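Please keep the sequence and the structure open while reading this note. The points are numbered so that each can be checked in turn.

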Amino acid sequence: MKGFLYSIAEKFISEYGDGIKDFCFVFPNRRASLFFRKYLGQNSPRPIFSPLLTTISDLFSSLSDLDKGDSIELQYILYKEYSALCPSCGMTAESFDEFVDWGETILSDFNDVDRYMVDADALFANVEDLKNLDTDYTFLSDNQRQVVEDFWRVVLSQTESFENKKVFRSTWKLLRQLYANYKRVLRKKGIAYEGMIFRDVAEKIQKESDSVTARLRPFKGIVFIGLNALSPSEKVLCDHVRNRFEGDFYWDFNGDMITDVNNKSSRFISENVKRYPSRLTVDTSVDYLPEIEVFSVPSSTGQAKVAASCLNPASADETAIILPDGKLLMPLLNSIPSDIDRINVTMGYSLSNSALSSLMGMLSSLQLNKRRSEEGFNFYHKDVLAILTHPFIIDAAKEEAASIKNDIIQSNRIRYAYDGENELLKTVFSGVENCNEACDWQLSIIDLLAAFIPPLEKEFAYGYYKAIVRIRDLKIPMEPKTYFKFLRQITSKLNVPFVGEPLQGLQIMGPLEMRALDFENVIILSVNEGIYPAKVHGHSFIPYNLRFGYGLPTIEDLDAISTYHFYRSLYRARKVTLLYDSRTTGLNVGEESRFIKQLKYHYRLPLKEKVCTYEVMPSPCKNDTLVKNDDVLTQIRERFLVDGKPFSASSINDYLNCQAEFYYKHIVGIRDEDTVSDDVEANEFGTIFHQTMEKIYKEFEGKVVTADLLDGLMKNETRIGAMIESELRRVKNLRNAPVAGKLLITVRVVQKLVLQTLKNDKAIAPFTYIRGEEKYYNDLEVELPTGPEKVKFIGVIDRLDLHEGTLRICDYKTGYVNDNELNLRAGLAKAFDPTDSSRPEILLQTVLYSWLVKNSGSSYRNYDKRVMIYKLKSAFNSQPLSLDVPDDIYEELEEGLKQLIAELFNPELPFSYSPEQRRCQFCPAFEICPKKINSND
């Protein structure tokens with residue numbers, strides 16, 4: 001295959017030979033110029049001097065006296081001019097912290113205005129009289145004038161939302177003057193943005209300045225190759241070269257699909273072919289269609305695996321992989337077979353996708369969420385844990401990072417302050433209060449991490465270092481929050497180039513790097529709607545109607561450019577592989593690109609469509625069941641007989657609800673992973689309430705509690721609030737951190753519940769308070785397969801008191817309570833029935849507690865017993881539930897417990913699973929449970 005560039009190089013060598021050294025060749029990008037130089041060498045019979053090979057952007061820069069400024073300085077100068085201009089326009093200047101969000105948009109608009117040589121005075125004019133359009137806007141076509149006139153007619157109309165229109169017009173007026181002042185300042189400094197450079201050169205040509213002509217005169221010929229959508233400023237240069245220097249132009253405009261008038265790909269280039277003809281006849285067409293395969297892959301990174309499987313080492317030099325989504329670069333590089341040893345990555349890799357970028361994001365969150373206390377700065381636990389688990393921090397301070405992480409989790413430390421001696425961690429966990437401190441802080445961290453950053457990431461570190469130093473040196477007055485946002489904005493546009501042999505091996509590039517290049521095999525990933533072609537976000541202060549009316553680029557123009565690049569990349573290929581992600585997740589609907597649909601339905605090409613699936617291997621645990629083999633039985637005996645672990649009401653209910661869950665939780669010892677929570681969980685809420693009530697009544701143990709005494713307690717709300725806050729601090733391990741926000745709300749809620757509970761107690765006062773949060777034990781002899789054994793039982797009773805000769809066993813319930821659960825008419829049979837979905841768990845617990853008290857050594861054990869359930873969720877509209885427990889129920893309880901324990905120790909009965917799926921989502925061992933594994937199979 002003779003590609004587009006090869007054919008032109010061959011023609012020029014045959015026509016001009018050694019004389020080609022006096023030519024200047026202009027390309028859309030540097031990649032195309034490198035391949036063109038290669039093709040010149042291949043077609044030359046002997047060594048020759050190379051002509052000047054440049055890009056259209058570099059050519060404009062060489063013809064201008066202005067240097068391109070860096071984006072950081074350009075934005076700051078724009079802000080200063082904006083601030084100076086606001087008072088004269090009756091506006092209050094925003095701080096740089098607010099301006100940074102939209103300053104880049106203004107700069108982009110100014111760039112378009114200059115590149116497309118729009119009359120800025122006319123565009124930004126606040127048209128008060130539509131008649132002005134008839135006299136001052138004659139340079140517009142009839143269609144353009146109509147669009148602009150319609151726009152201003154709406155803006156100037158005195159209709160509803162006039163205030164918004166007034167704000168728009170005042171802002172619009174500011175842009176007109178800002179544009180002029182900004183360019184004047186830049187010109188004094190000798191710098192410019194790219195559009196300004198383009199306009200500068202074009203205006204010099206229009207004014208017949210000798211400076212541009214003089215710089216072009218040394219060339220024997222100026223040849224433009226492979227361009228597409230030309231802006232008006234580029235057309236001025238092309239017209240000048242065509243008329244004064246016999247310029248030559250070669251357009252890659254071949255094939256029925258690309259030249260199709262109904263295809264957006266021909267939108268710009270068809271006019272260019274007529275306006276700028278070629279001097280030499282070069283046949284760059286082919287007479288075949290590519291073989292096209294389309295892969296539907298239900299994975300983003302899975303596309304990289306499929307693309308790698310399509311590679312042939314023998315034809316790697318003639319293969320290009322195009323990545324519209326740069327995030328797939330690393331997965332692709334890791335998937336390429338080892339026998340392809342020569343790879344050239346053209347597109348570079350964005351700093352925003354690097355591991356260092358993720359660390360920088362974590363560092364910014366660390367500072368933005370910090371708090372100052374008397375002891376210094378402390379940091380939010382989520383930010384601290386994220387940093388401690390970052391690979392760079394682990395490599396640099398593995399042991400201490402792990403130690404801090406464990407301490408935070410085990411102690412539930414919501415706020416953290418570092419007090420160690422590690423230099424890196426001491427630097428990381430130090431607070432900054434202004435922009436300069438933030439810059440120096442980040443630079444110090446990069447320096448300390450330098451020895452632990454992998455070679456590739458060092459390039460990203462250098463990019464970040466330069467950006468931070470540049471911002472610091474400009475001394476821009478802004479808050480740390482704005483600095484971090486500004487740094488993220490700047491670095492998101494920076495790419496780190498890869499070093500490699502650009503003319504050999506497998507080529508990996510973005511869609512724009514493919515311009516003017518041809519390969520036998522082309523593989524394009526992410527051919528999804530919204531990715532290729534990309535969604536175009538029209539962030540601009542210039543409304544669409546005005547952009548269209550003044551000939552500025554619109555969404556349709558950008559879409560046409562993308563369409564041309566796609567079809568051009570396919571034209572000379574022998575084999576094309578298109579892959580797209582077919583998953584439907586979130587806003588991504590897994591839709592194939594319109595390009596694929598056009599190939600299939602409009603051009604009716606014979607696409608080979610394939611759907612990739614992933615084989616699900618049978619689980620090795622397929623036949624596993626929770627049988628009670630010798631090892632399991634040994635675990636049970638050691639747990640409950642040798643170690644003497646007692647059965648509680650909750651463990652008994654766990655067994656009846658799901659025997660597998662009981663095994664994992666109470667025998668194996670699997671529990672939920674420890675995490676830090678700044679919210680008060682349900683169990684923590686209950687603990688705070690229980691402990692507060694126990695503290696309040698502690699001083700009255702063995703004493704009579706009267707209504708007057710309770711009145712006194714309720715009046716001292718400050719003391720009760722202090723008790724609750726103390727318990728909250730203990731449970732959440734707050735130490736000296738302030739109780740605020742949701743935590744303060746929790747204190748107030750618990751306080752209201754405590755006061756209401758005391759009010760309910762007052763209704764039945766007087767009573768004798770015995771004790772609270774007391775543990776009661778009892779042994780029960782059970783006949784096991786190995787003989788009789790004594791098994792322990794335990795219950796922690798919230799409160800015991802004596803009222804009118806009846807011992808009250810009080811239980812505070814912060815969760816939901818069904819009144820029907822305290823029904824003893826049917827006995828305890830229902831409570832021991834694991835198949836009953838409405839099994840009364842609370843009934844079993846209350847009878848067990850009463851049984852434990854009856855069999856304890858307490859002097860109150862022989863009193864009549866009544867269980868009291870304090871339903872805190874309905875404490876304000878109902879009294880506690882009561883249940884009198886008859887002595888004859890204990891025998892039924894003991895029989896039920898003996899049967900349950902005997903079943904647990906029976907080797908013939910495996911552990912069963914709960915039929916209720918809802919229980920599984922809260923089970924800490926569900927991920928390893930055979931029930932889940934088998935259901936996946």
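The points below cover a helix contact and then a set of paired strands.

1. The model is predicted. Residue numbers count from 1 along each chain.

2. Start with two helices, α4 (residues 71-85) and α22 (residues 480-491). Their axes come within 11 Å and cross at roughly 130 degrees.

3. Which residues of α4 and α22 make the contact? From α4 they are S71, I72 and Q75, and from α22 they are F486, Q489 and I490. Sorted by type, the contact residues of α4 and α22 are three nonpolar, three polar and no charged.

4. Now turn to strand β21 (residues 787-803). Of its 17 residues, 12 are buried, so β21 is largely enclosed by the rest of the structure.

5. Strand β20 (residues 767-784) runs antiparallel to β21, and 15 bridges join them. Within this pairing, N778 stands opposite F793 of β21. The two strands, β20 and β21, form a hairpin with two residues between them.

6. β21 also pairs with strand β22 (residues 806-813), in the antiparallel sense, over five bridges.

Methods
Predicted model: local features only at pLDDT ≥ 70, side-chain atom pairs only at ≥ 80, totals over all residues. Heavy atoms only, no water. Axes fitted to C-alpha atoms, helices over the stretch in contact; angles between N-to-C directions. Helix = DSSP H or I, 4+ residues; strand = E, 2+ residues; numbered from the N terminus. Contact = heavy atoms within 4.5 Å. Nonpolar A, V, L, I, M, F, W, Y, C, P; charged D, E, K, R; others polar. Buried < 20%, exposed > 50% of the residue type's maximum accessible area, 1.4 Å probe, protein only. Pairing = 2+ DSSP bridges.
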